[in-house]
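Try each one before reading its solution.

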Amino acid sequence: MNATTNPLPATTAVVIVGAGPAGLTAAITLADAGVDFVLLDRLSEGANTSRAAVVHARTLEVLEQLGIADELVATGDIVARFTVHDGGSTLATIDFDGLPTRYPYTLMTPQDTTEAVLLKRLRKAGGEVQRPYQVTRVAEENDGVTVEYTDEAGAPGSIRADYVIGTDGMHSIVREHAGIGFTGASYPESFVLADVRMDWPIARDEVALHLSPEGVTVVAPLPDEKEPNRFRVVATLETAPEHSTVQDIQALLAARGPGGAVRVHEVLWSSRFRVHHRVADRYRSGRILLAGDAAHVHSPAGGQGMNTGIQDAAALGPLLARVLAGEPDTLLDDYEATRRPVALGVVSFTDRMTKMATLRARPARTLRNLALTTLARFPAFRHRLAYQLAELANR
């Protein structure tokens, strides 16, 4: 992504803080509606990484409305199923191919690729990201919102806006300055996240969830023409290393994986993180609104986070455009009424998945495995779980 450091205007209709997938989506919807906005991001060119890698069916439906679903699908690997394993045993296979959508699958593509497609679409609509700018203060005052910032050189400035959208992540300064609580807690485990090149015995058209007493591990294919054996590995550890080595990932998969010929050749990128499950107490405080990780964070189980954020922004942008065109601002209350229950549902769903997957005691694991294998025999159960993972209930 190219850095753009043009002088910022003194006033605008909307300031969007944070140019991740949610911020870019909000900006596209505003640009399409002819709304004047400024999209700020604190990161410089090249600072983004692959992070989230799952795009679900409902998100592709939303991106289809913006005209970019097919372009994004062309960048990724189509995954037809989600499987759950314990050692060499397969406990459940969840197929996506029966879902009532044009996109009966999960798309695996790195977040930086998704952001590049969104940015290209934003520029086509005449918009741009202004970076790097660090927002330092957000205050609603005098029938508007003041956004103060510093530029790359540390020089201060400010913008007056009618509304502000905070899409600036879990540690959102917009949410903090709006005085909105972020209720929830954190999981005791830490997570390792790594993109690796390896030999993997499970087919590339499925995401594999491996349960073990040592923790949960998810392995998913990633697209790369130059590196056809590229995979994403996500795993819980009591204390994950800051940067995982080939030996770290090899040992992890040897202990938890399916057995067979697993050989890690290279770690292309890795990170570690703590996972929280939190939802903002409100999505709106007057002229300040939240979307994406600023509004909700949760376990990576099921790959729901980025998807929910994009859907937030796609719902909020058109409502805000209508208000700026003269409709009552009570329309914005519909955004929280619609989207906050979705986030609460996602947090509850991913929390249940995480707790189920991280059971340690043998009796509890045996009971879990028996329940999964029994339920997975019923097509209605498999279909319902696929429907929920695909976020189609959010329509």
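**Exercise 1.** At roughly what angle do the axes of helix 1 and helix 4 cross? Classify the packing.

*Solution.* This is a predicted model.
- Helix 1 covers residues 21-32 and helix 4 covers residues 111-124. Their axes come within 9 Å and cross at roughly 15 degrees.
- Angles under 35 degrees count as roughly parallel. The two helices are therefore roughly parallel to each other.
- The crossing of helix 1 and helix 4 is left-handed.
- Helix 1 brings P21, L24, T25, A27, I28, A31 and D32 to the contact. Helix 4 brings Q111, E115, L118, L119, R121 and L122.
- By class, the contact residues are 8 nonpolar, 2 polar and 3 charged.

**Exercise 2.** In what order do the 8 strands of the open sheet lie? Find the edges.

*Solution.* 
- The order is 6-5-13-14-15-12-16-19, with mixed pairing.
- Strand 6 (89-95) and strand 19 (296-297) are the edge strands, since each pairs on one side only.
- Strand 12 and strand 15 (residues 230-237) run antiparallel, joined by 8 bridges. V192 stands opposite A235 in strand 15.
- Helix 6 (residues 246-256) lies across strands including strand 12 and strand 16, at about 75 degrees to strand 16.
- Helix 9 (residues 362-375) lies across strand 5, strand 6 and strand 13, at about 145 degrees to strand 5.

**Exercise 3.** Is E189 buried or exposed? List its contacts.

*Solution.* 
- Locate E189 in strand 12 (residues 182-199).
- Its relative accessible area is 14%. Buried means under 20%, so E189 is buried.
- Leave aside neighbours within four places in sequence: E189 contacts T236, L237, R274 and T358.

Definitions and conventions. Residues are numbered from 1 along each chain as its sequence is written. This is a predicted model: local features need pLDDT of at least 70, side-chain atom pairs count only at pLDDT 80 or more; totals for chains, interfaces and linings use all residues. Side-chain values use heavy atoms; hydrogens and water are left out. Axes are lines fitted to C-alpha atoms, for helices over the stretch in contact, and angles run from 0 to 180 degrees between N-to-C directions. Helices (H or I, at least four residues) and strands (E, at least two) are DSSP runs, numbered from the N terminus. Angles under 35 degrees count as roughly parallel, over 145 as roughly antiparallel, 65 to 115 as roughly perpendicular and the rest as oblique. A crossing is left-handed if the near helix is turned anticlockwise from the far one by less than a right angle, and right-handed if clockwise. Contact means heavy atoms within 4.5 Å. Ala, Val, Leu, Ile, Met, Phe, Trp, Tyr, Cys and Pro count as nonpolar, Asp, Glu, Lys and Arg as charged, and the others, Gly among them, as polar. Buried means under 20% relative accessible area, exposed over 50%, partly exposed in between (1.4 Å probe, protein chains only). Two strands pair if DSSP finds at least two bridges between them.
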